[in-house]
Amino acid sequence: MNHILSAGQFTLTELKGFLSRAAEMEEILEKGGSRMAEDKILATLFYEPSTRTRLSFETAMYRLGGHVISETDVMFSSQTKGEVLADTIRMVGSYSDIIAIRSKEKGNAALAAQYSTVPVLNGGDGAGEHPTQGLLDLYTIAKHFRLGEEPIHVAFVGDLKYGRTVHSCCTLLRNFEGVTFSFVAPESLQIPDSYYRQGEAKYHQLNDDILTKANVVYDTRIQKERLENPEIYEQVKNAFIFTPEVVSKMDEESILMHPLPRVNEITLDVDKMPQATYFEQAANGVPTRMALIAECLGL
Ligand code: CP
């Protein structure tokens, strides 16, 4: 069973294979898609809000010629009547060939996998991980840089404590030679110890040194909905704002990434700058998720 639960599950060889498969899928997309999954059904179970992850999973399945069934609001799920996730998963596995799930609770995707007869793809589990986003982030970086062959400095900025996409992206990048990191966050939202290595740079402020040094600046929004103390949001919400003046300090070949949605942390007038890569990054969700579905289904 090929579940995708955590960025930590991949070897370097598997990641290189995945990047090649995603590039193949991008070519297939340019030619109008494929019918390779025409007898397959993807179930999307999204118990937290999502635009990109769910829609790009569903688009990926349609572009592979497959079908989609969807549960997009826990209010309309039998979980509101007290059904436990294990029962939902046992049943949805009998309706579909593969399940993408997003949940509020860290560990719920792994729990779902324990009860599933079909592959489970973690589309974000609370403040835990978001491995499929991490893979599309990796693909985006690999399209801009010779990952593993040239030195790359990645600066993660924003809410690094609850930002699950950072946890997954950082874990995946650690497989490659020559990648170094800076972590820029308010003290209360710094990178958890489990994702940090002794000696790596931590900052509370964005400074010119980071902006000029970083090949990749990976910004994130403050995850207001996960903060234990809402007052913290008011204190940190304007901590890092990327304006044209800030972004112009980055090299033109460097990239500004963001998993989106953004709130106020990147101003709209940055979108036209050469460093702005976040919409390209979001678009990469389709070929990467096509590759994931195909790999998990053995297509
Ligand atoms: N990047 C991401 O997970 O976006 P959504 O929350 O819209 O799925």
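Reply: Rings of Phe, Tyr and Trp form a pair if their centres lie within 6.5 Å, and planes under 30 degrees apart count as stacked. Please keep in mind that this is a predicted model.

Me: How many aromatic pairs does this rule give?

Reply: The rule asks for ring centres within 6.5 Å. Counted in this way, the aromatic pairs come to six.

Me: Is the pair of F156 and F183 stacked or edge-to-face?

Reply: The ring centres of F156 and F183 are 6.0 Å apart, and their planes meet at 15 degrees. Planes under 30 degrees apart count as stacked, while those over 60 count as edge-to-face. Because the angle here is 15 degrees, the pair of F156 and F183 is stacked.

Me: How many residues apart in sequence are the parts that this pair ties together?

Reply: F156 belongs to strand β5, which covers residues 152-157, whereas F183 belongs to strand β6, which covers residues 179-184.

Me: Which residues are around the ligand, and how many of them are charged?

Reply: The shell around the ligand consists of S50, T51, R52, T53, R102, H130, Q133, P259 and L260. Sorted by class, this shell holds two nonpolar and five polar residues, and the number of charged ones is two.

Me: What percentage of the ligand's accessible area does the protein cover?

Reply: A backbone N or O atom of T51 is 2.8 Å from a ligand oxygen, and one of P259 is 2.9 Å from a ligand nitrogen. A polar backbone atom of L260 lies 3.1 Å from a nitrogen atom of the ligand. On its own the ligand has 250 Å² of accessible area, of which the protein covers 91%.

Me: Is the peptide bond from L260 to P261 cis or trans?

Reply: Most peptide bonds are trans, and most residues other than glycine have a negative phi. L260 lies in the loop between β9 and α10, and its phi is positive, near 65 degrees. P261 is also placed in the loop between β9 and α10. With omega near 5 degrees, the peptide bond from L260 to P261 is cis.

How values were computed: Residues are numbered from 1 along each chain as its sequence is written. This is a predicted model: local features need pLDDT of at least 70, side-chain atom pairs count only at pLDDT 80 or more; totals for chains, interfaces and linings use all residues. Side-chain values use heavy atoms; hydrogens and water are left out. A residue is near a molecule or strand if one of its heavy atoms lies within 4 Å of it. A polar contact is a pair of N or O atoms within 3.5 Å; within protein, one must be able to donate a hydrogen and the other to accept it, and residues adjacent in sequence count only if both atoms are side-chain atoms. Accessible areas come from the Shrake-Rupley method with a 1.4 Å probe; for residues, only the protein chains shown count as cover. Ala, Val, Leu, Ile, Met, Phe, Trp, Tyr, Cys and Pro count as nonpolar, Asp, Glu, Lys and Arg as charged, and the others, Gly among them, as polar. Helices (H or I, at least four residues) and strands (E, at least two) are DSSP runs, numbered from the N terminus.
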